[in-house]
Amino acid sequence: MRSIRLLLIGAALVASIAGEPSRSQEVARIPGELVWAIRYDPKTFDPAKVDEQASETIRFFTGGVLLRFDPRSQQPEPELAESWSISPDGRTVSFRIRNGLHFSDGTDLTSRDVAWSLRRVLSPATAAPVAEEFINPQQVTVEALDPQHVIVHLPQRVIGIGKVFDEIAIEPADRPSEGKVTSGAFTVFEYKQGQYVRMKANPNYWKHDATGVRLPYATGIRLDILSNREQEIARFQNGSYDLIESLPPEDFSLLAQKDPGAVRDLGPSLNTEQLWFNQSSHAALPDFEKKWFENRSFRVAISDAIHRSDLAKIAYDGHATPAYDFISPANTMWHSTHLQIPRQDLASAIRMLASAGFVTKGGRLYDATGHAVNFSILTNSGNRARQKMATLIQQDMAALGIDVTVVTLDFPELIERLMHKMDYEACLLGLSNVDPDPNAMANLWRSSSPNHQWNPSEATPSTTWEAQIDKDMDTQAGSPNPLERKRAIDDVQQIVSDQQPFIYLVYPNLLIAVSPRLAGAEPTVFQPGIVWNVTSMRLQGHQP
Amino acid sequence: MSRRFACTFLTLLVLVATVIVAWPGHTYATQDRDAIMAGSSAEHWTGTDDLGRDRTVRVATALLLGLVCAAAASAISTSIAAGVGTVAAFSPGPVASVLMLLSDLFLTLPWLFLLMIVRSSLPLNASPMHSAAITFLILAALGWPACARAVYNGALELRGSDWMIQGRANGLRTGQLVRQYLLPHLRPLLVPQFLLCVPAFLVAEANLGTLGLGVAEPLPSWGGMLLELDSSAMLARSSWVFLPIVLLVSVLLLLECLAYEV
């Protein structure tokens with residue numbers, strides 16, 4: 001009797017669960033609509049207040065902008081602006097707006113709307129994150145000369161100012177609508193928290209293809225909010241999703257076995273994975289350890305002994321590229337092609353250590369004062385690739401007679417040790433680079449910066465090479481001459497390669513999946529990745 | 001399943017694991033970088049893991065390490081429980097209340113978070129073996145209160161028994177009474193408690209390991225190896241990834257069976 005009662009309770013429970021609408025339930029596709037998943041809900045639909053990836057994705061699809069970064073040329077290209085120019089002193093930016101532009105509700109788009117949108121972003125009341133890129137936003141003035149001309153006056157030259165206008169959506173003056181009335185390719189149509197964001201094509205979008213057909217080809221976009229990667233892959237496989245923006249290596253390999261035509265390895269991304277030693281003078285480390293980490297020969301020897309090709313092959317299933325530089329080869333404009341890279345040779349590493357006074361006794365490495373060399377590598381728990389790399393490096397270091405301990409900590413604790421307590425020996429982490437311009441990494445390289453991770457917030461540069469990096473970063477930030485900027489950045493790349501403050505390990509490759517039914521996709525490693533040309537993408541069989 | 005069967009099977013497993021670990025050749029840390037996630041072969045009987053390490057040796061090491069550490073932690077935990085429970089039973093009322101309050105306080109602690117905090121505040125250069133020892137010591141330090149309550153109630157009952165009164169009347173001191181009379185009578189309570197704690201600690205370590213906070217690499221542990229089951233891509237590559245979970249469940253069943261039969 002008891003078991004029957006339990007069975008009934010169980011059945012009732014199952015029935016009640018089944019009766020509830022599931023959060024991950026699939027939604028029917030509107031004909032011609034493109035569908036894929038993003039990880040989490042956008043925090044805002046106001047294009048001026050975007051400060052995270054999901055909101056930025058929405059802004060990219062809905063916001064019409066004056067200039068748009070073209071991943072092919074790595075330059076900002078005219079969009080709503082027909083043409084643009086910067087004065088020789090870099091303090092005046094002029095735009096000529098295209099003729100006959102309309103918002104999605106049919107109203108005209110003029111220089112008044114442009115000036116209003118720019119002023120709104122610059123206003124402290126809006127607290128727009130993008131305003132910081134003007135360096136001194138309160139002193140920037142915007143002037144609408146006539147319905148087609150807008151001039152922006154800057155208090156000082158801003159390097160890469162063109163790209164800043166790619167982040168400012170032009171909205172109807174005095175009528176901000178959180179993406180509902182836009183000058184971009186799509187408008188926000190429906191949002192169900194935790195389920196999906198649906199956008200529909202802007203019927204008044206200005207762009208046409210070569211044959212005169214108005215873009216976008218797709219009738220709309222639905223972005224499902226889905227953090228479960230297994231579900232995302234399953235839905236891609238059953239045709240519910242048209243693309244996956246980024247795949248982990250093991251899932252990529254699995255999908256490649258089942259559907260080789262659907263997956264693509266785009267080669268090295270802009271992101272880097274690196275190892276560095278704690279060289280901070282405030283570090284909670286014994287003096288003899290600090291001396292190892294400050295010793296260039298020690299760092300270079302460690303770098304030489306790491307088998308980067310094994311890291312790429314094993315930790316990333318072959319979908320990563322060995323790295324020796326902070327600028328990925330994918331960033332063709334800035335990557336230095338004539339960099340002298342370390343030799344990746346155990347024998348040279350041993351010679352280098354011997355020349356610095358280290359000795360090997362009984363298979364263990366000792367420094368000149370007789371201390372056995374050992375250190376711990378800290379990395380974050382939950383990142384399997386990093387844990388694998390740390391364990392592989394552990395074995396590489398054993399060949400030098402160095403005993404390495406791998407420690408995984410949850411992220412908040414790791415950051416606490418890294419940024420506040422300075423209580424670590426070596427750390428293995430990655431850096432996501434969204435902006436290809438190296439000026440965006442200035443806070444990493446300047447010795448006074450709190451993000452100068454191997455030795456943060458130095459009052460004055462503690463070494464001559466750090467002083468030289470500071471000087472080069474000043475040069476590239478202040479020079480209007482692209483060649484001079486490139487020379488300065490090349491110099492930083494060579495110094496970093498010589499000194500190894502960061503031992504670069506790999507560039508993880510960008511792995512994506514694109515449905516064979518999706519036509520027009522031209523994926524790139526630059527943000528926003530596959531969908532940068534979404535206006536030209538369409539499902540095969542659907543006629544615009 | 002009889003106790004004898006469980007005992008024999010466990011002994012057999014431990015013996016086989018010991019032979020595998022002691023056998024010259026692969027160690028649990030040796031990486032064969034040309035044989036990543038390799039299948040079964042003469043060299044690697046149950047294949048290799050995602051770093052090319054011999055799975056048989058790693059599973060055998062994890063089994064021995066888990067059993068030895070969990071048994072040691074369980075012995076410590078049961079001893080603390082026996083000590084606290086007995087002292088409380090033979091102490092004046094207020095002392096007993098304080099001791100039991102202390103054990104109740106321990107019971108209410110969010111042990112997983114506490115473990116994470118303690119684990120993350122350990123010295124970074126603690127060797128993998130030390131990290132294993134410390135992980136199980138923490139488990140032992142947190143595992144005694146429930147048992148202490150049971151011991152307290154048992155000892156309290158025994159304290160008023162006729163033979164204890166007889167012993168006291170014969171002039172035996174409290175220490176002698178406890179050693180000669182009480183502990184032998186508490187044995188039926190302490191032995192199952194010890195046997196129940198062993199699988200509980202094994203599972204606790206496995207949970208910590210799946211959070212990446214248990215025994216440090218390259219030392220193998222149940223938790224670390226169960227991480228392989230996290231991804232369906234890994235499951236598709238080799239059926240041998242199920243070996244640790246199959247063996248862990250078998251060991252847990254055998255231990256539970258042993259405790260139940262006692």
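**View 1. The end of helix H5 in chain A.** Welcome to this predicted model. Just after H5(A), Gly239(A) takes a positive phi of about 90 degrees. The helix itself spans residues 229-237 of chain A, and its buried residues are Glu232(A), Ile233(A), Arg235(A) and Phe236(A). Looking down the axis of H5(A), you will find these buried residues within an arc of 165 degrees, so they line one face of the helix.

**View 2. What the buried residues of H5(A) pack against.** Two of the partners in chain A are strand S1 (33-38) and strand S11 (243-244). Helix H6 (249-258) and strand S20 (502-514) of chain A also pack against the buried residues of H5(A).

**View 3. Helices H2 and H6 of chain B crossing.** Here H2 (residues 55-89) and H6 (residues 145-159) of chain B have axes that come within 7 Å and cross at roughly 40 degrees. That angle lies between 35 and 65 degrees, so H2(B) counts as oblique to H6(B). The crossing is right-handed. On the H2(B) side, the contact includes Ser77(B), Ala81(B), Gly85(B) and Ala89(B); on the H6(B) side, Cys147(B), Val151(B), Tyr152(B) and Arg159(B) are among the residues taking part. By class, the contact has eleven nonpolar, four polar and one charged residues.

**View 4. Thr174(B) in helix H8.** This residue sits in H8 (residues 174-210) of chain B. With 15 other C-beta atoms within 10 Å, Thr174(B) is partly exposed. Cys147(B), part of the contact in the previous view, is 27 residues from Thr174(B) along the chain, and the C-alpha atoms of the two are separated by 22 Å.

Note on methods:
Residues numbered from 1 in each chain as written. Chains lettered and ligands numbered in written order. Predicted model: local features only at pLDDT ≥ 70, side-chain atom pairs only at ≥ 80, totals over all residues. Buried ≥ 20, exposed ≤ 12 C-beta atoms within 10 Å, placed from the backbone. Helix = DSSP H or I, 4+ residues; strand = E, 2+ residues; numbered from the N terminus. Arc of directions from axis to C-beta. Contact = placed C-beta atoms within 7 Å. Axes fitted to C-alpha atoms, helices over the stretch in contact; angles between N-to-C directions. Parallel < 35°, antiparallel > 145°, perpendicular 65-115°, else oblique. Left-handed = near helix turned anticlockwise from the far one by under 90°. Nonpolar A, V, L, I, M, F, W, Y, C, P; charged D, E, K, R; others polar.
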